[in-house]
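Dear colleague,

I am passing on to you the structure we spoke of, together with some notes on what came out of going through it. Please look at the model first and then read the notes beside it.

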Amino acid sequence: MTSIIPLLTEYEKEHIGERQPLPERYLGLTDEEMDVRIAAARRTLGSRLVILGHHYQRDEVIKFADYTGDSFRLARHVAARPDADYIVFCGVHFMAESADVLAAEHQQVILPDLAAGCSMADMVAPDQLERCWEELTEMEVPGVVPITYINSAAAIKAFVGERGGTVCTSSNAAAALRWAFSRGEKVLFVPDQHLGRNTAYRMGIALDEMVVWDPDEIFGGVDPDRLARARMILWKGHCSVHARFSVAQIVAVRRQHPGVRVIVHPEVPWEVAQAADDMGSTEYIIKTVTNSPAGSVWAVGTEVHLVNRLAQSLAPERTVLSLDRFGCLCSTMFRVSPNHLLWVLEELVEGRVHNEIVVPADQKHWTRVALDRMLSIQ
Ligand code: SF4
């Protein structure tokens, strides 16, 4: 039975008011009982239901997903199932919001636990972004194209969409930057400074052509001369899971496993990306490690559930280790438990919808514009 309850992030606290608590009768069930009942509810709902599962979900949940993938791939799957009335999104809040925007009118998107947020998405608030935009205008910074990582709230995506920008994912971040530089001189990249920096650096943009915008400082705390020279304006945000990876871990794993190859997600700090052998989105990591020659040993710098599943599926031909020997767990993603999944599915069988994610109408249009741009950028 699984019963870990991580601490709430600020993002979760903001949404906790809307959260419907898990009824007591769904606590204390055995794994076997939950498996049988989830399978039965899925059978009853049939093609009216589609379950999407992010790679970072725990095994007990993701095994029920009709489609698995990173945010980009899952966003594409939403459009592929117009027959489903219910999209149960086993991921975090911002992903379910994107699904709601991309879904057809009749489809309802459900997040099994509304407290499944994202600490990175929490690092950019709409009023902070508005102030940043006003200050850039006041400083007469020309040709700024905003890009938001998909790991952000719908309000942020709508802001970006309305100002001629796009959403990107870790799969298409380089393409999104090329798209933006064909339209302007500078990119304002929110909220993950590491993804922005790692991607831009790989494309040949020097570190001294990038500045970090601190939303808690006046004018971002940025020197105007440096801002004038900058091509990338990086929001001061990060993923608390991927920021844990370090160069010391890479040194240690190379000492312990001579010949190991280190592959990391672009949300890691720049120094870690430089020290690694390879870097890419979760989809890229899965493909690269899976297609490597038999006998390969890999240390992977991303969320531990993905790493463990990869290790199991490729053993014994390939060895896959977590770069962080204690394993980097996304505690908010972990909030979606089989208990929550069972609850929302059995309630759907009874015709009751819980934990529906609805993006406000005033944000929907521009969020959709930004997401459509993302889907069109290869
Ligand atoms: S791994 Fe990081 S970016 Fe991804 S959902 Fe968790 S906190 Fe957010």
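Predicted model: local features only at pLDDT ≥ 70, side-chain atom pairs only at ≥ 80, totals over all residues.

Along the principal axes, the C-alpha atoms fill a box of roughly 65 × 55 × 35 Å. Of the 378 residues, 49% count as buried, and among the contacts between residues at least 6 apart in sequence, 70% join residues that are at least 24 apart.

The protein is divided into three parts: domain 1 covers 10-118 + 332-358, domain 2 covers 121-237 and domain 3 covers 242-322. The centres of domain 1 and domain 2, taken over C-alpha atoms, are separated by 31 Å, and the contact between these two domains takes eleven residues from domain 1 and eleven residues from domain 2. On the side of domain 1 that touches domain 2, the elements giving two or more residues are helix 1 (10-15), helix 4 (71-80) and helix 5 (93-102), with helix 5 giving the most, namely four residues. The residues on that side of domain 1 divide into five nonpolar, three polar and three charged.

As for the ligand, 13 residues surround it, and the closest are Cys118, Met120, Cys239, Val241 and Cys330. The shell as a whole divides into eight nonpolar residues, four polar ones and one charged residue.

Helix 16 (residues 361-376) has 16 residues and reaches 23 Å from its first C-alpha to its last, which is close to the 22 Å expected at 1.5 Å a residue. Its buried residues are Gln363, Trp366, Thr367, Val369, Ala370, Leu371 and Met374. An α-helix has 3.6 residues a turn, so residues three or four places apart point the same way. What covers the buried residues of helix 16 includes helix 4, helix 5, helix 7 (154-162) and strand 6 (166-168).

Some backbone details deserve a look as well. Most residues other than glycine have a negative phi, and most peptide bonds are trans. A cis peptide bond joins Val190 and Pro191, with omega about -15°, and Pro191 is placed in the loop between strand 7 (186-190) and helix 9. Another cis peptide bond joins Ala315 and Pro316, with omega about 0°; Pro316 belongs to the loop between helix 14 (304-314) and strand 13 (319-322).

Glu140, in the loop between helix 6 (126-138) and strand 5 (144-149), has a positive phi near 55° although Glu140 is not a glycine, and Glu140 is exposed, with 8 other C-beta atoms within 10 Å. Asn355, in the loop between helix 15 (338-349) and helix 16, also has a positive phi, of about 55°, but Asn355 counts as buried, because it has 22 C-beta neighbours inside 10 Å.

Lastly, Arg202 lies in helix 9 (residues 193-202) and counts as partly exposed, with 14 C-beta neighbours inside 10 Å. Arg202 and Ala174 are 28 residues apart in sequence and 8.6 Å apart in space, C-alpha to C-alpha.

With best wishes

Notes: Residues numbered from 1 in each chain as written. Near = placed C-beta within 6 Å. Nonpolar A, V, L, I, M, F, W, Y, C, P; charged D, E, K, R; others polar. Buried ≥ 20, exposed ≤ 12 C-beta atoms within 10 Å, placed from the backbone. Contact = placed C-beta atoms within 7 Å. Domains from an automatic or database assignment. Expected span 1.5 Å × (residues − 1).
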